[in-house]
Each structure stands twice: as structure tokens, then as C-alpha cells.
Amino acid sequence: MARRNILIGAFLCLLASMSWGAMFPVAHEALKHIDPFYFSFIRYFIVGLLLSIILLVKEGKQAFHLEGRGLSLVFFGSMAFVVYNMCVFLGQHQMGEAGTIVASIMEVLMPMITIVFIWLTTRRKPGLTTIRNVVFAFIGAVLVITRGDFSFFAMKDGQLLPLLLIFIGVTGWVVYSLGGARFKDWSILRYSTLTCLLGNGVAFIVVTTGTVAGWLDVPSLETLSSIKLEMAFMSLVPGLIALLSWNKGLQLLSSTHGVLFINAVPITTFIIVAFQGYSIHAFEIGGTLIIIAAIVHNTLSQGGALTVPRWLRTYVRFSRFQLFKAFRLLASKL
């Protein structure tokens with residue numbers, strides 16, 4: 001039974017991560033027709049409706065009671081469904097094709113950003129091994145973002161603001177994820193549903209204000225029809241299925257082991273953008289391998305040698321090979 005749970009948990013975490021990896025290339029196509037604000041709002045309006053139906057069936061009407069926690073739910077919902085979605089997709093759109101890769105890399109950096117965020121907010125300094133892995137992960141991210149051209153930081157091409165937006169968005173999701181610890185007496189489904197509904201209420205205020213001010217245009221039916229497949233995918237797969245699969249997978253595997261599968265995000269993104277005709281740079285591949293190796297090594301150091309299952313030890317050994325391969329690849333390009 002335990003082995004079966006591990007296999008199911010691994011499959012669910014992998015499914016969620018691959019869905020998120022496919023999310024950014026699909027969003028790139030949709031954002032050619034609709035602005036990121038209405039795109040995010042409409043997407044999670046659909047997800048919110050679906051989650052509400054599932055919650056109503058599973059837990060009944062009483063599950064929709066806020067129990068005096070409305071302000072907290074609005075805050076954490078805004079972090080996820082306003083700050084994360086609107087900032088990430090706006091930054092991705094402004095960066096063009098490269099934004100698809102950058103957004104994907106920022107996604108996989110979430111475990112490391114979480115470590116730094118907790119360090120800064122609680123003053124609890126992580127161990128030296130963890131700090132070293134965080135540094136390596138961010139070095140890998142810099143290599144991906146700059147593609148080895150450090151004149152990028154001169155910001156002659158105006159890429160700083162989009163990059164900052166993506167980072168702020170990802171940090172918003174980190175805050176949302178940590179907020180779940182305040183609702184341990186609630187099911188994951190209930191927390192997800194109520195934060196989605198209330199967060200999307202804030203998103204509605206944002207798009208309404210932007211429309212009234214003349215900054216945003218309400219998408220026409222023709223526009224919505226042109227992205228119906230992308231919107232259906234974004235709502236159902238990375239929006240609903242991935243959310244529920246990831247949470248259930250972590251429950252079966254443990255968050256320590258399950259977080260490894262976040263590495264599938266950039267791999268899936270690379271495969272899809274390659275088919276779309278994007279020219280993948282060696283520094284993007286090398287930087288991604290460094291990030292993956294850092295996350296896997298950090299997971300091993302946190303898990304402890306005696307508690308790490310055989311499949312994870314195999315994955316760690318493979319990640320060390322990836323790290324060596326990445327440095328060889330980058331050295332050949334310098």
C-alpha cells in the first residue's frame with residue numbers, strides 16, 4: 001500500500017509540474033490576443049466556479065463560511081490570484097518569447113525563494129548547505145535570464161521591470177503557500193476555493209478600475225473565441241487539475257520529496273518552446289541544470305540520508321551528473 005501511495009503521489013506531482021511547465025508557452029500564445037489582466041481574471045473565474053462546485057459536493061454549504069477569517073483569506077487570495085497571476089503574465093508578455101523561459105525558471109525557484117523569504121521574515125538563518133544551494137540556484141537563474149550576456153543588467157532593452165514583475169508575482173505565490181499553514185483545520189480544497197473566490201473578487205476590482213480609467217479594454221467575444229482552447233487548457237489543467245494533483249501528491253509523498261518534481265516545470269517548457277520554434281541557448285539549458293541540481297541536493301540534505309528513499313537517491317546521483325554536465329556545457333561557450 002505504501003509503495004502504491006508513493007507511485008500515485010509521484011505521478012500526481014509530476015502531472016502538476018508538467019502542467020505548470022506547459023502553462024507558460026500556452027499563455028504566451030493567448031497573450032497575443034488578450035491583456036494579462038483580463039486573461040488572469042477570466043481564467044480564475046472559471047477555476048473558482050469549478051472549485052465551488054467540488055467543495056459544495058464534498059463538504060456542503062457550511063464550508064463556504066469564512067469563520068471570521070475573511071481579511072486573511074482576502075490577503076492570501078490576492079497574493080495568489082492577483083499578484084502572482086497578473087504580475088507573472090504581465091512580465092512574461094512584456095519580455096516576449098524569452099519571458100516564457102524566465103517565468104518558468106522563476107516558478108522552479110519557488111522552493112529557494114521560500115527559504116530566503118522565511119529567513120528574512122523570521123530571522124531564522126538556514127544552514128550553510130542550504131545557503132550554498134540557494135546561491136547556486138540563483139546563479140543558475142541569472143545564467144538563464146541573461147543567456148550569458150551580462151550587459152543585460154545595463155537594462156538598455158528595458159527588461160528590468162518585466163523581470164521584477166515576474167519575481168514579485170512568484171513571491172506572491174510563496175506568501176500564499178505559506179498562508180495555508182494558518183488554516184490547518186481546513187481542508188486544502190476549502191482553503192483553495194475560498195482564497196480563489198475572494199482573490200478573484202479583488203482581481204475583478206482591478207480590471208474594472210483599469211477599464212474605467214481607460215487602461216484596459218474589455219475583451220470582445222471574438223477575442224475570447226480566438227483563445228477558447230488556450231483558456232480551456234489554462235483553466236482546467238494548470239488551474240484546477242494541477243492544483244488538486246499537487247496538493248494530493250504532496251500529502252502522499254511529503255512536501256520534502258514532492259517538491260523535487262517542480263524540476264519538471266522548465267523541462268516541459270523547454271520541450272514545448274522548442275517545438276514552437278524558439279531557439280534555446282546553451283546558457284538557458286546550463287542554468288536550468290544548475291537550478292535542478294541545487295534543489296535536488298538541498299532536498300537530500302533536508303531529508304537525511306536514512307530517510308531518503310532509493311528512487312530519490314538515484315535522482316540525486318543523476319542531478320550531480322547534470323550539474324557536472326552543465327558546467328562543461330557553459331565552459332565550452334565561454
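Me: In which helix is the place of L161?

Reply: Two remarks on conventions come before the case. The model is predicted, so that local features need pLDDT of at least 70 and side-chain atom pairs count only at pLDDT 80 or more, while totals for chains, interfaces and linings use all residues. Residues are numbered from 1 along each chain as its sequence is written, and side-chain values use heavy atoms, with hydrogens and water left out. Helices (H or I, at least four residues) and strands (E, at least two) are DSSP runs, numbered from the N terminus. In this scheme L161 belongs to helix α7, residues 160-179.

Me: How many helices and how many strands are in the chain?

Reply: The chain has 14 helices and 0 strands. Of its 334 residues, 51% are buried, where buried means under 20% relative accessible area, exposed over 50%, and partly exposed in between (1.4 Å probe, protein chains only).

Me: Which share of the contacts in the chain, between residues at least 6 apart in sequence, joins residues at least 24 apart?

Reply: A contact is defined by heavy atoms within 4.5 Å. Among contacts between residues at least 6 apart in sequence, 84% join residues at least 24 apart.

Me: Is L161 buried or exposed, and which residues make a nonpolar surface patch with L161?

Reply: Accessible areas come from the Shrake-Rupley method with a 1.4 Å probe; for residues, only the protein chains shown count as cover. L161 counts as exposed because its relative accessibility is 52%. Patches are made of residues with over 30% relative accessible area and no salt bridge, with like charges joined within 9 Å and nonpolar side chains (Val, Leu, Ile, Met, Phe, Trp, Tyr) within 5 Å. Here L161, L164, F167 and I168 make a nonpolar patch of about 350 Å². For the whole chain, the accessible surface is about 16100 Å², of which carbon and sulfur atoms hold 68%.

Me: How many residues of helix α4 are buried, and at what angle do α4 and α5 pack?

Reply: Helix α4 (residues 97-108) is mostly covered, with 10 of its 12 residues buried; among them are G99, I101, I105 and E107. Axes are lines fitted to C-alpha atoms, for helices over the stretch in contact, and angles run from 0 to 180 degrees between N-to-C directions. α4 packs with helix α5 (residues 110-122) at about 55 degrees, the axes being 5 Å apart. Angles under 35 degrees count as roughly parallel, over 145 as roughly antiparallel, 65 to 115 as roughly perpendicular and the rest as oblique. The two helices, α4 and α5, are therefore oblique to each other. At their contact, M106, E107 and V108 of α4 meet M110, P111 and I113 of α5.

Me: How many salt bridges does a search of the whole structure find?

Reply: Side chains of opposite charge can pair when their charged atoms come close. The criterion is a side-chain nitrogen of Lys or Arg within 4 Å of a carboxyl oxygen of Asp or Glu. The search finds 3 salt bridges. In one of them, K32 and E29 meet at 3.2 Å, N to O; K32 is exposed at 53%, whereas E29 is partly exposed at 27%. E67 also forms a salt bridge with R190, with the closest N and O atoms 3.1 Å apart. This pair links distant parts of the chain, 123 residues apart: E67 in the loop between α2 (36-59) and α3 (70-95), and R190 in helix α8 (residues 188-212). R190 is buried, with a relative accessible area of 9%. R69 forms a salt bridge with D185, with 3.0 Å between the closest N and O atoms. R69 lies in the loop between α2 and α3 and D185 in the loop between α7 and α8, so the pair ties together parts 116 residues apart in sequence. R69 is partly exposed at 23%, and D185 is exposed at 54%.

Me: Is G239 buried or exposed, and which residues does G239 touch?

Reply: G239 lies in helix α10 (residues 228-253) and is buried, with a relative accessible area of 1%. Not counting residues up to four places away in sequence, G239 touches R43, Y44, V47 and M234.
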